[in-house]
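Take a look at the fold below. Keep it in view while you read.

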Amino acid sequence: MLPGHPPMMPVNSFITFENISGMMLVANVIINRVLCDEFADDIEGVVFAHSGGVYQFSPVCDGRYYSVHVSRTTKKAVERALSGEDNSRGARYFVAGKYADSDNLKWFRSSLKYLFSYGCHEFYK
């Protein structure tokens with residue numbers, strides 16, 4: 001179990017329109033960040049990280065994080081990710097390119113290493 005692991009990470013708020021594999025990828029990104037020295041060493045610290053008043057994850061900033069219903073599928077996805085199932089290729093970032101602010105998307109594409117796309121999300125390291 002990871003330090004600071006709450007009973008259920010609200011992956012739904014981060015990726016509401018993906019299947020269980022997409023939800024697992026988001027959980028894996030959060031776990032990968034916890035395990036990386038560049039980020040906070042617990043899930044809460046990763047999820048609520050911010051710089052200059054800007055949160056790393058938009059659902060925290062816009063409030064979706066606090067109002068989402070945690071589905072059975074989300075619970076299964078998080079449980080599988082926490083037990084070690086990981087297809088993220090070490091991804092530490094993801095963005096829904098179709099919905100992202102153009103400046104934000106430019107930063108992802110110019111500053112990070114693109115790994116793969118899944119659904120409407122792009123994953124980076």
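This is a predicted model: local features need pLDDT of at least 70, side-chain atom pairs count only at pLDDT 80 or more; totals for chains, interfaces and linings use all residues.

Start with the helices. Two packed helices are described by the angle between their axes and the distance between the axes. Here the pair is α2, residues 20-34, and α6, residues 72-82. The crossing of α2 and α6 is right-handed.

Which residues in α2 and α6 meet? From α2 come Ile20, Met23, Met24, Ala27, Asn28 and Ile31. On the α6 side they meet Thr73, Thr74, Lys76, Ala77, Arg80, Ala81 and Leu82. By class, this contact of α2 with α6 holds eight nonpolar, three polar and two charged residues. Lys and Arg count as charged, and α6 brings Lys76 and Arg80 to the contact.

Now turn to the sheet. Strands of a sheet pair through backbone hydrogen bonds, either parallel or antiparallel. This sheet is open and has three strands, in the order β3-β5-β4. The pairing is antiparallel. At the edges sit β3 (93-96) and β4 (114-118), each pairing on one side only. On average, neighbouring strands of the sheet are turned by 25° against each other, direction ignored.

Look at one pair in detail. Strand β5 covers residues 121-124 and joins β3 over four bridges, in the antiparallel sense. Val95 stands opposite Glu122 in β5. A helix also packs on the sheet: α7, residues 102-111. Helix α7 touches β3 and β5. The direction of α7 makes about 140° with that of β3.

Arg89 is in the loop between α6 and β3. Arg89 is not a glycine, yet its phi is positive, at about 55°. Is Arg89 buried or exposed? Its relative accessible area is 58%. Exposed means over 50%, so Arg89 is exposed.

Leu35 is in another loop, between α2 and α3 (43-47). Leu35 has a relative accessible area of 61% and is therefore exposed as well.

How values were computed
Residues are numbered from 1 along each chain as its sequence is written. Side-chain values use heavy atoms; hydrogens and water are left out. Axes are lines fitted to C-alpha atoms, for helices over the stretch in contact, and angles run from 0 to 180 degrees between N-to-C directions. Helices (H or I, at least four residues) and strands (E, at least two) are DSSP runs, numbered from the N terminus. A crossing is left-handed if the near helix is turned anticlockwise from the far one by less than a right angle, and right-handed if clockwise. Contact means heavy atoms within 4.5 Å. Two strands pair if DSSP finds at least two bridges between them. Buried means under 20% relative accessible area, exposed over 50%, partly exposed in between (1.4 Å probe, protein chains only).
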